[in-house]
Amino acid sequence: MKLVLLILMGIYLAVMLVVGILDYRRTKEYTEYAVAGRRQGTLSVVMTLLATIFGASTTIGICDTVYSIGFPGIWWLLFGALGLVLQSLFLSERIRRIHADTLPHLAEVTVGKAASVLLAGLIVISWIGVIAGQMVAMHSLITYATGNNSKTLLILISLVVILYTALGGQLSVVKTDKLQLVVILAGLLICCGYLYLSTDGAAENAVNQVELLNGSYGGMDLLNSFFIIGGVYFLGPDILSRNFLSKDEKTAKRSAWIAGLVMAFFALVITCIGIWARNYMTAEQLGDQKVLLAVAGILPKGISLLLSLGLLSAILSSTDTCIVNAATILSRDILGRKRVGVIRASVVGIGILSLLIAVLGNGNIISILTGAYSIYTPGVIFPLLIAVLAYGKRPIHRGLWITAVILGGCFGLAGTFLSEWLSSIGLPSFLVSHLSLMGMGFSLILSLISLWMGRKKAE
């Protein structure tokens with residue numbers, strides 16, 4: 001079976017590469033490459049948005065989390081779905097009306113060039129970690145498929161992903177996302193259905209374990225997840241990139257809430273798979289494997305292959321989107337070059353740097369992704385939200401606004417990477433654990449002050 005899976009993975013990657021090659025000549029213009037021509041309809045936007053969302057963190061990572069802490073692991077996905085619905089209600093039309101190409105470009109229009117450069121730097125640095133997290137997940141899948149912890153194969157597959165992304169850009173990503181999403185959702189649904197239909201009492205056991213909070217996940221964890229994780233889906237670069245390629249405001253709004261509803265349903269599906277594994281698989285059975293890959297190993301051959309290809313699709317569909325978005329931001333908003341060749345070079349550079357981090361990292365998907373989000377969310381979400389809502393109505397004091405972003409990002413950075421040192425010098429553990437949330441609060445307060453000071457200055 002493992003040989004069959006490797007062959008299918010090879011064919012799958014070859015198809016992606018062919019799509020990139022075919023789109024190479026069609027993406028000579030910046031708009032075609034960076035925002036897929038800005039002409040995508042509702043179905044295309046919903047599918048590419050969901051394919052982007054269902055990556056390593058929302059499949060492999062969430063199943064590991066549910067196995068560890070139980071049903072409250074569902075909150076990551078539910079807050080993501082809520083973030084999408086809230087975006088649809090309050091922001092999608094406003095953002096699409098601005099005709100931005102990237103999230104930092106949105107900040108440039110609403111605040112100024114300095115804001116754009118600052119956000120671009122923060123996003124590119126954070127999203128290198130996000131991309132590395134997807135590649136770590138790829139390594140886990142390779143280990144399952146081959147039975148060998150092969151970093152050479154990880155490097156080879158990652159280079160193929162980087163290549164087809166560089167060739168076709170956002171146009172190719174949108175096309176491949178449609179196929180990838182079908183495989184992802186089919187694999188998850190059929191896997192979950194088989195597990196519960198073939199195991200006596202599995203559904204009843206799962207229902208008995210439904211709990212929103214427990215000893216491993218309390219109220220402060222819930223609050224952190226709402227803002228830190230939900231914020232990324234509300235105003236994250238990859239989520240908004242799908243808004244930018246939609247053909248009009250109504251399409252952007254409709255696509256966000258539809259995707260949110262679908263995501264909420266699959267939050268339950270993925271959580272149920274994790275709960276089943278928690279009930280019927282021991283730690284000895286898992287060994288060093290990720291939970292979802294261990295589940296794939298006990299499924300009938302056909303379902304196992306489908307789920308494995310679904311996980312490959314999930315990883316690819318998020319990885320290529322993250323790479324091309326980060327590269328476009330680097331090129332357009334930091335280097336000031338709206339040229340396809342520069343973006344392609346940036347795709348290669350960012351992809352290789354992320355691969356190095358993945359190869360040298362410790363392999364914890366959720367910690368890598370949460371760490372990246374914990375830097376981005378405190379610094380960006382509230383300041384950008386206020387800037388978009390105030391655009392065309394009230395001026396913003398740029399200096400205070402930029403201070404809000406920097407302060408929030410620094411708190412997130414400290415909470416993510418300096419927690420042990422801060423604890424060692426005597427900072428209370430409660431404060432250390434919630435520095436990202438505190439940073440978000442400070443960035444909100446300063447952003448509101450920047451709005452007030454901007455109005456006073458205008459008067």
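Some ground rules come before the details. Residues are numbered from 1 along each chain as its sequence is written, and side-chain values use heavy atoms, with hydrogens and water left out. As the model is predicted, local features need pLDDT of at least 70 and side-chain atom pairs count only at pLDDT 80 or more, while totals for chains, interfaces and linings use all residues.

**Overall fold**

The protein chain has 22 helices and 0 strands; these are DSSP runs numbered from the N terminus, with helices being H or I of at least four residues and strands E of at least two. Its C-alpha trace spans about 70 × 55 × 40 Å along the principal axes. For 459 residues, a compact globule would have a radius of gyration near 23 Å, and the protein chain agrees with that at 21 Å. That radius is taken over C-alpha atoms, and the globule rule is 2.2 Å times the number of residues to the power 0.38.

Of the 459 residues, 59% are buried, where buried means under 20% relative accessible area, exposed over 50%, and partly exposed in between (1.4 Å probe, protein chains only). Take the contacts in the protein chain with a separation of 6 or more: 86% of them are between residues 24 or more positions apart. A contact here is heavy atoms within 4.5 Å.

As for charge, the mean positions of the 32 positive and 21 negative charges are 12 Å apart. Lys and Arg count as positive and Asp and Glu as negative, leaving out His and the chain ends; each charge is placed at NZ of Lys, CZ of Arg, CG of Asp or CD of Glu.

**The cores**

A nonpolar core is a set of buried Ala, Val, Leu, Ile, Met, Phe, Trp, Tyr and Cys residues joined through side-chain atoms within 4.5 Å. The largest one here has 141 residues, and Leu188, Tyr196, Leu235, Leu316, Leu384 and Trp401 have the most contacts inside it. Helix α8 (residues 113–146) gives the most to this core, with 19 residues. Apart from it lies another core, of 5 residues, including Val45, Leu171, Val174 and Leu245.

Leaving out residues up to four places away in sequence, Trp401 touches Ala107, Val111, Ala115, Leu119, Pro383, Leu384, Ala387, Ile396 and Ser450.

Ile69 sits in helix α4 (residues 57–69), and Ile273 in helix α13 (residues 249–280). Beyond four places in sequence, Ile69 contacts Asn214, Ser216, Tyr217 and Arg278. Ile69 counts as buried because its relative accessibility is 14%; Ile273 does so at 0%.

Here are two C-alpha separations that involve them.

| Pair | Apart in sequence | C-alpha to C-alpha |
|---|---|---|
| Ile69 and Thr165 | 96 residues | 36 Å |
| Ile273 and Val291 | 18 residues | 9.1 Å |

**Positive phi in a loop**

What is the phi of Ala36, a residue other than glycine? Its phi is positive, near 50°. Ala36 lies in the loop between α2 (30–35) and α3 (42–53), and it is buried, with a relative accessible area of 0%. Arg38 is found in the loop between α2 and α3, and has a positive phi of about 50° although it is not a glycine.
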